[in-house]
Amino acid sequence: MERQTGAERVFERFYELSGTDDPDDLHETLNRSLESVLRLFQADSGSVMLCRERRHYIAVCRGLPDDARDQVHSRLDGAVSSRVIASQTPVVLHGPVDPQDWPRAIPRPNLVSSISIPLQNRRKVVGLLNINSASPNRVFNEDEMAFASVIAHHLAMTIENARLRDEAKERSRYFSDLYKIARTITSSLDLDLVLRMIAEHVRRVIACDICALLLHNPDTGALQLARGQGIPDGTDSDYVDLVEPAARQARICCKLVTMRDACLPNNGRPASGIVVPLIVKRKVVGYIAGFRSDGTAFSRATTRLLLGLAELAAIAIENARLYRRQSGIAHITQKELTPERFEPIRGYEIGSRYTPAHQVGGDYCDLIRINKRKFGLVVADVAGRNVTAALHIAKCKHAVRVLADCISSPAKLMLKLNKFIYEHTDPEAFISMFYAVLDTTNGLLTYSVAGHEPGLLLRAQIPSIEQVRTSGILLGIHPGATFEERTTYLHIGDILFLYTDGLTDALCSGQTDGLEVLEEAFLQRRLEPAQRLADNIHRLAIGNQEGKPPDDIAIVTLRKM
Amino acid sequence: MDGETEFKVEERNGIPVVKIVGSLDHYNVPRFRQIITDLSSKGHNEVVVDMSEVDFMDSGGMSGIILGLKWLSEAGGRLLLADLNPRIMRKLEISGFTMMPDKLVLSDSVDQAVAAARSQ
């Protein structure tokens, strides 16, 4: 009866503790469980061993001398416990073990009787329970072994629950870490920034002193150090040489390769290294290499996280490279499309200034020589960025040039251009434009505006600013749109100031309207040469935005001399 | 503008109202376009957009508005923008959007816009 009551208490304790969330509680649970079992069986000593990753070790023990515990640790391959675990069969032993029955078993001179029971969960051995008696009056029998087996079953469930909890926590940590890494390295398309962020993550994730990101040159295939952290100056090529053999192996098998006793340049001590290929669409584009100068090995959890990081890094690097190539093409295209300076117009001063908000912008300006005395002046804001914007600018610019050659009326030109843009660009594409034709013989300016900021005309005689505008919707969104045109004359000293909305946005601060600021600045600087006027207004806008405007800024100034 | 732009969709008197908190620009306009597409596929062709908490709109945001009004007008409806701040209102006026009342309506308040909208 007493034994049953004691067993019930043990069972109750198992059930109570098996559902705990505290990872350290497994040790406490095993300790208390062992204590209860030893008391129940009136045993002198015992232990609980755990099996993890093909090795087993003593998790808790009571009553065992230190040297016995160490012996068990070091000779597990020949010990009783190993055989019981391997056979998954409990045993009761009496007295010292017979070397013929148990070759290589550890001598047990002080033990009179012992029970060794595998702890099994779904036919998988997760540990071992040992109960020992050193008293001649206490000899275990088969019935007690059967009872101990029942307890062992519950103990096994507790151990397995704890293992599953640990696994779940590790998985959660793994995905949480990967999510944080993904968020940062995919937040930019700037290749240098992406490489820097990856290298920082690698060092943190695998706790290494040195990190090297090596990429294959897309044209030559040569391996180059793209980013290094912890690499001493002047040793870049040494690290490439160091990583190359492992990289070759990683490339062939498309798997992670570890390096033992790696000889780091400028460091005599053997280091541990790890090389992971960066794979995009089954093609190896580079490698992540990490080194620990103290030679410590990389754990499974660490390598698993590094593999996940490498997958994300490969995509982020490839995207950044593609963006860099695209931007390069768009940048070259834009340089061709937007001249830095216009050709001079006799009798007039002309200035211009353009700043894209990103590598390639969507604003453009143009000066078209229609004939000997007439010029077309264009300032436009094209929707889109980078390659899209460059393509739209190209279409628009060349369409205007062709139309300007045969259509003298700005309003009629806008009509044709609108239809062209509507039919030959994406549905969400649109262009705002100020188009004017200047007759240099008499200063006649004929203009039409399509959804664009009004021009500013400063009269020299009475320094005042007129807004130059007509009604007209953005080009490309309504095929049946109509446009109007107006005329005015430029007299000597008059200045026409054209711009895009990026300028007024940049000049805007708090409640102050950007156009008011622009008009005031224009008035103050009206005596400056046309180019200096454009530069100074531009500097004022950039200064407001600490050098980085949110939108493109284009300015054209024209003064009649 | 720091932080991500939020989009909230609710219904008033059978009219969908999309509230935007933040900026409407190149980065988040795909989300706006998706919302309009989803509402359109559910049979709504009059959509009110509450712009009271939109503090910045660039050409990307403008393209989202344009696409939205195109889709809705093709389905016989309109896009109704409500409570715009003076800067954004000025952009839309300069762009000529006030010249298309059959496709785009600019209202002073969400209530006004909902009242002007035709429910399905």
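Q: In which order do the five strands of the open sheet in chain B come?
A: This is a predicted model, and in it the order is β1-β2-β3-β4-β5, with mixed pairing. Going from one strand to the next, the twist averages 25°.

Q: What makes β1 and β5 of chain B the edge strands?
A: Count the sides on which each one pairs. β1 (6-12) and β5 (104-107) of chain B each pair on one side only, and that is what puts them at the edge.

Q: How do you know that β2 and β3 of chain B pair?
A: Two strands pair if there are at least two bridges between them. Strand β2 (residues 15-24) and strand β3 (residues 46-57) of chain B are joined by seven bridges, so they count as paired, and they run parallel. As an example, V18(B) stands opposite V49(B) in β3(B). There's a helix on this sheet too: α3(B) packs on it and touches β3 and β5 of chain B, its direction making about 120° with that of β3(B).

Q: Which residues of α1(B) meet α2(B)?
A: On the α1(B) side they are V29(B), F32(B), R33(B), I36(B) and S40(B). Their partners in α2(B) include G60(B), L67(B) and W71(B). Sorted by class, this contact has six nonpolar, six polar and one charged residues.

Q: What pattern does chain B follow along the sequence?
A: Reading along, you get β-β-α-β-α-β-α-β-α. The secondary structure comes to four helices and five strands. Of the 120 residues of chain B, 44% count as buried.

Q: What makes up the side of chain B that touches chain A?
A: Here 15 residues of chain B are in contact with 20 residues of chain A. Helices α2 (59-74) and α3 (86-94) of chain B each supply at least two residues of that side. The largest share, six residues, comes from α2(B). By class, the side has six nonpolar, five polar and four charged residues.

Q: How many helices and strands does chain A have?
A: Chain A has 13 helices and 20 strands. Of its 561 residues, 39% are buried.

Q: How do you know that the span of helix α5 of chain A agrees with its number of residues?
A: Helix α5 (residues 142-185) of chain A has 44 residues, and at 1.5 Å a residue it should span 64 Å. Some residues of α5(A) are buried, among them A148(A), L155(A) and I185(A).

Q: What makes β14 of chain A mostly covered?
A: A residue is buried if 20 or more other C-beta atoms lie within 10 Å of its own. In strand β14 (residues 431-439) of chain A, eight of the nine residues are buried, and that's why the strand is called mostly covered.

Q: Which strands does β14(A) pair with, and how?
A: Nine bridges join β14(A) to strand β13 (residues 374-382) of chain A, and the two run antiparallel. On that side V382(A) stands opposite I431(A). Seven bridges join β14(A) to strand β15 (residues 444-450) of chain A, again antiparallel. There L438(A) has L445(A) in β15(A) as its bridge partner. β14(A) and β15(A) form a hairpin with four residues between them, and in the turn G443(A) has a positive phi of about 80°.

Q: What is the strand order in the open sheet of five strands in chain A?
A: The order is β7-β6-β10-β9-β8, with antiparallel pairing. Its edge strands, β7 (223-229) and β8 (257-263) of chain A, each pair on one side only. Inside this sheet, strand β6 (residues 210-216) and strand β10 (residues 283-292) of chain A pair over six bridges. L214(A) has Y287(A) in β10(A) as its bridge partner.

Q: Why is T482(A) called partly exposed?
A: Buried takes 20 or more neighbours, and exposed takes 12 or fewer. T482(A) has 13 C-beta neighbours inside 10 Å, so it falls in between and counts as partly exposed. T482(A) lies in the loop between β17 (464-468) and β18 (486-489) of chain A. The C-alpha atoms of T482(A) and G472(A) are separated by 6.7 Å, with the two residues 10 apart along the chain.

Technical notes:
Residues are numbered from 1 along each chain as its sequence is written. Chains are lettered from A and ligands numbered from 1 in the order in which they are written. This is a predicted model: local features need pLDDT of at least 70, side-chain atom pairs count only at pLDDT 80 or more; totals for chains, interfaces and linings use all residues. The expected span of a helix is 1.5 Å times one less than its number of residues. Two residues are in contact if their C-beta atoms, placed from the backbone, lie within 7 Å. Ala, Val, Leu, Ile, Met, Phe, Trp, Tyr, Cys and Pro count as nonpolar, Asp, Glu, Lys and Arg as charged, and the others, Gly among them, as polar. Axes are lines fitted to C-alpha atoms, for helices over the stretch in contact, and angles run from 0 to 180 degrees between N-to-C directions.
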